[in-house]
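The notes after it are meant to be read with the coordinates open.

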Amino acid sequence: MADILIVEDDRAIADLIYMNLCAEGYRCTCARDGMEGADYIEQQKFDLVLLDIMLPEVDGYELLDYIKPTGTPVIFLTARGTVEDRIRGLKAGADDYLAKPFQVGELLARVEAVLRRMGMGAKQLELGDVVIHTDSRQVTRGGVPVVLTVKEFDLLVELVRNKNIALYRDQLYEKVWKEPFLGETRTLDAHIQRLRRKLGWEDRIKTIFRIGYRLEG
């Protein structure tokens, strides 16, 4: 099971996260400030870091810069939930961003999704007769090259790495486009339609009413 570092100075929140993650079978370590978090990262390899932004000693953005060279994925947990904060967090390199207060169920779902993506970090992804080469950004279907735009490719990788999971439109859009989702769905919907057509996945990429999309594997 995965090793998770929780960097959170609010003891009640840290204890709540720790208790629920441990109940799910994760091995967890808690750090109360940024300096202690950096010490743990030096000493041990973690599979995921849950990182508050407003920390004593070293804040979350500074610690994120320290974490990035290790390749460890990071989910920001913070009370700073404005659109501008979310943009800054995602552009700084966080893999996800969850504003406080949050439901424990949503946190667990996001932890599972990030860890699943990390576990599928191979340079080649396959689903049916579609092969995705993530290093060269090339896609083939039945051995025939498929020409995709940059965003179509990024969207495809996100769908494949989260196959059989219903993805919310706002999360999917913000992950691929790196900007806030403002409720306008035409751009995302058009890219989904083109992927369905180019890959022959009309029946595989499902529209989930009032949620978003799910790729069936």
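## Ground rules

This is a predicted model, so to speak of local features we need pLDDT of at least 70, while side-chain atom pairs count only at pLDDT 80 or more and totals for chains, interfaces and linings use all residues. Residues are numbered from 1 along each chain as its sequence is written, and side-chain values use heavy atoms, with hydrogens and water left out.

Helices (H or I, at least four residues) and strands (E, at least two) are DSSP runs numbered from the N terminus. Two strands pair if DSSP finds at least two bridges between them.

## The β1–β2 pair

Strand β1 (residues 3-7) runs parallel to β2, with five bridges between them. Within that pairing, I6 sits opposite C30 of β2.

How enclosed is β2? Four of its five residues are buried, so β2 is largely enclosed by the rest of the structure. Buried here means under 20% relative accessible area, exposed means over 50%, and partly exposed is in between (1.4 Å probe, protein chains only).

D33 sits in the loop between β2 (27-31) and α2 (34-43). D33 is buried but has no salt bridge, and the nearest side chain of opposite charge, R32, is 8.6 Å away. A salt bridge needs a side-chain nitrogen of Lys or Arg within 4 Å of a carboxyl oxygen of Asp or Glu.

Leaving aside residues up to four places away in sequence, D33 touches V7, P56 and E57, where contact means heavy atoms within 4.5 Å.

Another sheet is open and three-stranded, ordered β10-β12-β11 with antiparallel pairing. Its edge strands are β10 (167-168) and β11 (205-208), each pairing on one side only. Four bridges hold the antiparallel pairing of β11 with β12 (residues 212-215), and I205 faces L215 of β12.

Helix α8 (residues 186-199) lies across β11 and β12, at about 150 degrees to β11. That angle comes from axes fitted to C-alpha atoms, for helices over the stretch in contact, on a scale from 0 to 180 degrees between N-to-C directions.

## Charged pairs

There are 13 salt bridges in the structure. Side chains of opposite charge can pair when their charged atoms come close. One of the bridges joins K68 and D65, with the closest N and O atoms 3.5 Å apart. K68 counts as partly exposed because its relative accessibility is 41%, and D65 is partly exposed too, at 47%.

K198 and E152 meet at 2.8 Å, N to O. That pair links distant parts of the chain, with K198 in helix α8 and E152 in helix α6 (residues 150-161), 46 residues apart. K198 is partly exposed at 27% relative accessibility, whereas E152 is buried at 1%.

Helix α8 also supplies D189, whose salt bridge to R169 spans 3.5 Å, N to O. R169 belongs to helix α7 (residues 169-177), so the pair ties together parts that are 20 residues apart in sequence. R169 counts as buried, at 17% relative accessibility. Elsewhere, salt bridges with shared partners join E8, D52 and K100 into one network.

Methods:
Lys, Arg positive; Asp, Glu negative; His and termini not counted.
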